Amino acid sequence: MRVVSEGLFFHPDGSAPADVLNRMLDGTMNPRLDSPFLPAFAETHEARERIVAQISRTEGRLAMLRGMLARMDERLAAQEVATAHYAETGEIDPILLPSCESVAKAEVAKQTQQVKDEAAFVLPDELVKAGWSQKSVHVTDNDIIVTIRKTRTDAPVTVEETAKAVVEKFKIALQPFQVDGANFRVLRDRIATRPQQPKGPPDG
Amino acid sequence: MNQVAKIEETASTAYSLRAAHRSDDFLKIMPPAEDTEWHPLPAILDGITFAARFIGSSKMWGHHRAYLDHVHVARGKVIATDGKCLVEYSVGECPDFSILPVQVAQITAFGEAPSHVNLDSRLKLKWANGNYLITKFRTFPELVEQVTPLIAAHDWDDFIKMDPDWRDQIIGRFSYKSAPDRVGYKRSKGLVYFTPDRIVGGMYDFAPDIELRMVTHTKADVAFDQKQLLRALKVADEFKFVHGDVSYFLFKAPNVRGVIALDRPVDPVPVLS
């Protein structure tokens with residue numbers, strides 16, 4: 001049985017935005033103690049905090065890239081100096097030796113391709129009959145990974161569509177607050193006088 | 001031959017326990033200073049013992065609701081609340097302080113009520129026979145400010161006298177141990193539903209199995225927390241249901257006034273018979 005819980009100062013089942021949202025969808029929201037707009041505010045706050053964190057991470061990454069660029073410029077200058085030094089003395093500084101990474105990468109790619117060819121994976125008949133097909137073969141340092149796929153036949157449930165349906169339900173739960181009723185007038189007055197959900201009296 | 005090396009005391013191995021120097025101070029009992037200003041204290045023993053049964057817990061809420069754990073002596077009353085139920089016990093004029101139930105037990109252990117109090121930084125209580133207790137206390141002036149209108153807002157006249165038969169029937173029928181908060185996927189909060197002509201409850205409140213048909217004096221469908229219902233019925237001499245934006249159960253006893261906020265069933269209360 002659904003029950004609208006009452007308390008003297010706060011909602012006895014918790015006043016977190018998720019609690020309020022669940023109660024609204026359940027139809028047991030208490031207009032005296034719960035703010036129906038708290039879930040929306042909480043979502044915005046959360047998204048804002050996420051963006052702030054993303055900005056700070058991106059700024060860190062940008063600073064790191066600028067540092068790398070400066071080091072490359074320094075290396076270029078050092079190579080110029082080393083060249084001049086070679087012209088004078090004939091000594092070759094290690095900074096003038098290339099890392100040869102591109103050649104090494106090509107060697108490794110060749111070996112990987114060879115392993116792939118040797119593996120020559122053939123999909124078993126049972127899997128082919130069940131609708132599976134081979135997608136790709138990937139070779140790592142330790143393993144050969146074969147990916148197989150199958151097309152989904154059921155209708156997929158997307159988060160957007162589900163959220164849309166829940167929002168419609170939420171709108172229905174909000175309808176009583178748009179008419180003048182005793183309970184809901186209390187809520188409107190409370191929001192007008194105190195914009196935020198009170199957390200209870202602070203310590204004395 | 002075994003040889004035992006001579007043990008020599010060196011600076012690095014010689015040490016003493018830090019507490020050893022201070023143990024005398026620790027054990028010393030410091031009586032209240034001679035010039036302590038004592039205020040007379042009314043007999044609060046019954047009040048604090050009574051109110052200590054009605055406190056709540058701030059454990060699941062955090063320190064900003066520490067007032068739930070305390071028994072508050074304020075404005076001549078002893079007040080305790082768990083957020084849903086509020087009781088006040090009139091004791092007479094005295095200074096304001098809030099203490100924990102463990103301190104209530106300490107005070108009760110003296111046998112008699114303390115006669116004087118001083119609240120300079122510590123709670124100092126003095127008994128007529130010269131005994132004294134020094135402990136800590138807190139104050140929650142904002143809570144007192146908030147709860148005073150909660151009691152004063154109601155009309156405390158025209159109460160219904162408690163009929164012992166009526167009470168015993170309810171207590172006898174509904175004194176079961178209710179199921180824990182979560183049973184599988186369903187939540188059982190231990191509720192007892194009151195409608196104007198019957199009371200419905202059971203171990204699992206989502207599938208009630210006990211019904212008592214009687215005049216309940218409520219004018220609307222309400223739901224009690226089982227523990228709060230039984231506790232209030234056991235202490236109440238008079239009671240009343242008040243219906244408005246919120247439904248309340250008010251109860252009275254000598255020196256005692258109490259308020260319980262009642263839940264509202266959304267679905268119709270099932271009829272069992």
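1. The structure is a predicted model. Every contact and distance discussed here should be read as belonging to a predicted model.

2. Extent of the interface. Chain A contributes 28 residues that are in contact with 41 residues of chain B. The area buried between the two chains is about 2900 Å², and carbon and sulfur atoms give 57% of that area. On the side of chain A, the residues that lose the most area to chain B are A:Met1, A:Leu8 and A:Phe9. Together these three account for 27% of what the chain A side buries.

3. Polar contacts and composition. Nine residue pairs are found in polar contact across the interface of chain A and chain B, both residues of each pair being at pLDDT 80 or more. Two elements of chain A give two or more residues to the side that touches chain B, namely strand S1 (3–4) and helix H6 (182–193). H6(A) supplies the largest share, three residues. By type, the residues on this side of chain A divide into 12 nonpolar, 10 polar and six charged.

4. Salt bridges. Side chains of opposite charge can pair when their charged atoms come close. Over all chains, the count of salt bridges comes to 19. Across the interface of chain A and chain B, three salt bridges are found. A salt bridge links A:Arg2 with B:Asp267, and the closest N and O atoms of this pair are 3.0 Å apart. A:Arg2 lies in the segment before S1 of chain A, whereas B:Asp267 lies in the segment after S19 of chain B.

5. Helix H3 of chain A. H3(A) comprises 19 residues, 101–119. From its first C-alpha to its last, the helix reaches 27 Å, close to the 27 Å expected at 1.5 Å a residue. Just after H3(A), A:Ala120 adopts a positive phi of about 40 degrees.

Conventions. Residues are numbered from 1 along each chain as its sequence is written. Chains are lettered from A and ligands numbered from 1 in the order in which they are written. This is a predicted model: local features need pLDDT of at least 70, side-chain atom pairs count only at pLDDT 80 or more; totals for chains, interfaces and linings use all residues. Side-chain values use heavy atoms; hydrogens and water are left out. Contact means heavy atoms within 4.5 Å. Buried area is the accessible area (1.4 Å probe) that two parts lose on being put together, summed over both. A salt bridge is a side-chain nitrogen of Lys or Arg within 4 Å of a carboxyl oxygen of Asp or Glu. A polar contact is a pair of N or O atoms within 3.5 Å; within protein, one must be able to donate a hydrogen and the other to accept it, and residues adjacent in sequence count only if both atoms are side-chain atoms. Helices (H or I, at least four residues) and strands (E, at least two) are DSSP runs, numbered from the N terminus. Ala, Val, Leu, Ile, Met, Phe, Trp, Tyr, Cys and Pro count as nonpolar, Asp, Glu, Lys and Arg as charged, and the others, Gly among them, as polar. The expected span of a helix is 1.5 Å times one less than its number of residues.
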